[in-house]
Amino acid sequence: MSGHEQSARATGGTGEPLVEVRGLRKYYETGPSVLGGEPVKAVDGVSFDIRPGETFGLVGESGCGKTTLGRTLLQLETVTDGVVRFDGRDVTELSGAEQKDWRRNVGMVFQDPESSLNERMTVGEIVREPLDVHDWETARDRRRRVRELLDTVGLQPEHYHRYPHQFSGGQRQRIGIARALALNPEFVVLDEPVSALDVSVQAQVLNLLEDLQDEYGLTYMFIAHDLSVVRHICDRVAVMYLGNVLELGRTAELFEDPANPYTISLLSAVPEPDPTSAIDRITLRGTPPNPRDPPKGCPFSTRCPMKIRPDGFQDVDDDVWQQVEVFREVVRERSRLGRSLSDRVAGLLGRDTVRADVAELRADLFGDVSLPPSVAGPVDDAMDHLEANDPGAARDVLAGAFDGDCDAEPPDPYEVSPTGRTSRCHLHREDETDPRSSVEWERSVFTD
């Protein structure tokens with residue numbers, strides 16, 4: 001571990017926050033369509049701080065809102081609601097010349113080192129562009145600054161007049177880093193800066209980023225899905241799911257003793273180099289819900305393997321309960337989309353495809369399990385509503401019968417360690433079992 005890593009891990013960043021995010025939301029309004037008129041809730045009420053000099057990690061599955069959050073912090077996307085303060089100043093209220101002046105203090109390295117560079121511009125023009133936009137010094141000073149930046153990121157003077165297609169992926173990413181640093185920013189968003197690179201090149205770029213942070217005192221937000229990279233470079237980590245931050249804390253602590261069921265599931269998927277290791281893996285069911293129609297309770301409730309069951313269903317067989325949850329998701333999607341075009345055409349032709357489809361659904365989900373009366377009644381009622389082409393009523397029946405605390409109420413952020421680590425999960429309430437003890441788990445998966 002480098003000296004930088006040791007000092008950063010010890011402090012986790014010091015001083016007053018450089019970036020403060022409170023209740024940040026980014027919704028995409030789409031208007032009426034065949035998919036429904038609800039907005040896409042890409043970021044849905046996120047709050048955190050980033051301290052000067054720290055590397056703040058943001059992880060989660062693809063589509064969870066990581067990139068949108070990063071772009072919104074830099075005002076590349078318009079904030080729907082909430083506050084973003086940079087050095088105490090609310091940047092969501094800036095516009096025009098004030099916003100342009102503020103953007104001198106921030107930079108971004110984009111995920112794809114190929115598509116983020118203009119193929120029609122030389123490397124010198126690409127790196128110089130921010131200097132030109134902000135009318136930085138004289139033309140001669142700008143050219144000198146670009147050559148300094150190219151040298152800083154490990155490129156040669158002759159690369160100034162070459163085009164992006166003449167470089168490897170790692171070299172293109174270095175060009176992107178040079179462009180982001182052109183105006184000496186304090187804060188840089190790194191959007192999966194090494195995901196498209198070979199492992200050996202990843203190490204070079206990560207070492208470069210750490211060296212630049214030491215030299216220029218930079219503060220990073222590091223967006224990634226590669227947990228091993230995050231563990232190496234980040235001081236603190238926020239785990240994001242469906243536009244929400246579910247767990248936030250110091251990197252080493254979060255990896256060694258995860259508190260949130262989603263974090264536990266995510267870390268269980270980290271590849272283990274020992275082929276003889278007997279580590280239990282958690283395979284999450286299905287995919288995240290559509291961000292147009294997220295759960296009204298816990299965002300992770302539709303896939304959580306540790307979900308709290310409502311009263312009266314604790315003794316239901318696990319296989320039966322899992323099929324009920326799958327059925328609820330099928331009904332949820334149908335209630336959002338309504339009848340398909342093919343169903344409507346079949347109805348006009350006199351073909352009863354709906355009844356056949358419901359019969360097939362019943363056989364697939366419940367053909368091999370025996371349902372207790374408390375479960376069979378609501379399931380049968382919901383099936384009847386589906387046959388009547390009323391998936392909304394079917395959804396209401398299932399919600400009324402099977403909704404528990406996880407379905408009904410968003411969890412608060414509970415403190416789960418003396419260091420201030422937080423986790424949003426109803427299982428952290430005093431009357432519930434800690435999720436870390438509710439699954440059989442090999443603790444060695446979280447230790448070196």
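Both faces of strand E9 are covered in this predicted model: Arg 236, Ala 238 and Met 240 are buried on one side, and Val 237, Val 239 and Tyr 241 are buried on the other. Because six of the six residues of E9 are buried, the strand is largely enclosed by the rest of the structure. Strand E9 pairs with E3 in the parallel sense over four bridges, and Phe 56 stands opposite Arg 236 of E9. With E10 the pairing of E9 is antiparallel and runs over six bridges. Here Ala 238 stands opposite Leu 248 in E10. The hairpin formed by E9 and E10 has two residues between the strands, and Leu 242 in this hairpin takes a positive phi near 50°.

These strands belong to an open sheet of eight strands with mixed pairing, in the order E6-E7-E8-E3-E9-E10-E12-E11. Strand E6 (106–109) and strand E11 (413–415) stand at the edges with a single partner strand each, so one side of each is left without a neighbour in the sheet. From one strand to the next the twist averages 20°. Strand E10 (residues 244–250) also pairs with strand E12 (residues 422–424), in the antiparallel sense and over two bridges. In this pair Leu 248 stands opposite Thr 422 of E12. Helix H6 packs on the sheet, where it touches E6 and E7, and its direction makes about 170° with that of E6. Helix H7 packs on the sheet as well, touching strand E3 (55–59), E7 and strand E8 (219–223); the direction of H7 makes about 155° with that of E8.

The protein as a whole contains 16 helices and twelve strands. Of its 448 residues, 49% count as buried. Among contacts with a separation of 6 or more, residues 24 or more positions apart account for 69%. The accessible surface comes to about 21200 Å², and carbon and sulfur atoms contribute 46% of this area.

The largest nonpolar core has 62 residues, and those with the most contacts inside it are Val 127, Ile 175, Ile 177, Leu 209, Phe 222, Tyr 262 and Phe 300. Helix H7 (residues 199–216) gives the most to this core, with five residues. When residues up to four places away in sequence are not counted, Ile 175 touches Leu 117, Val 123, Ile 126, Val 127, Leu 155 and Phe 167. A second, separate core comprises 30 residues, including Phe 48, Cys 64, Ala 238 and Leu 248.

Ala 182 is located in the loop between helix H6 (169–180) and strand E7 (187–191). With a relative accessible area of 1%, Ala 182 is buried. Beyond its neighbours within four places in sequence, Ala 182 is in contact with Val 127, Pro 130, Leu 131, Arg 145 and Leu 149. The C-alpha atoms of Ala 182 and Glu 129 are separated by 8.8 Å, with the two residues 53 positions apart along the chain.

Two helices are mostly covered. In helix H10 (residues 261–268), eight of the eight residues are buried, namely Pro 261, Tyr 262, Thr 263, Ile 264, Ser 265, Leu 266, Leu 267 and Ser 268. The cover over the buried residues of H10 includes E3, helix H8 (227–233), strand E9 (236–241), E10 and helix H9 (251–256). Asn 260 caps the N-terminal end of H10, with a side-chain oxygen 2.9 Å from the backbone nitrogen of Tyr 262. In helix H2 (residues 66–73), six of the eight residues are buried. The buried residues of H2 are Lys 66, Thr 68, Leu 69, Gly 70, Thr 72 and Leu 73. Gln 75, which follows H2, has a positive phi near 65°.

His 426 lies in the segment after E12. At 6% relative accessibility, His 426 counts as buried, because the cut-off for a buried residue is under 20% relative accessible area. The side chain of His 426 reaches the backbone oxygen of Glu 409 at 2.6 Å.

Notes
Residues are numbered from 1 along each chain as its sequence is written. This is a predicted model: local features need pLDDT of at least 70, side-chain atom pairs count only at pLDDT 80 or more; totals for chains, interfaces and linings use all residues. Side-chain values use heavy atoms; hydrogens and water are left out. Buried means under 20% relative accessible area, exposed over 50%, partly exposed in between (1.4 Å probe, protein chains only). Contact means heavy atoms within 4.5 Å. Accessible areas come from the Shrake-Rupley method with a 1.4 Å probe; for residues, only the protein chains shown count as cover. A nonpolar core is a set of buried Ala, Val, Leu, Ile, Met, Phe, Trp, Tyr and Cys residues joined through side-chain atoms within 4.5 Å. Two strands pair if DSSP finds at least two bridges between them. Axes are lines fitted to C-alpha atoms, for helices over the stretch in contact, and angles run from 0 to 180 degrees between N-to-C directions. A polar contact is a pair of N or O atoms within 3.5 Å; within protein, one must be able to donate a hydrogen and the other to accept it, and residues adjacent in sequence count only if both atoms are side-chain atoms.
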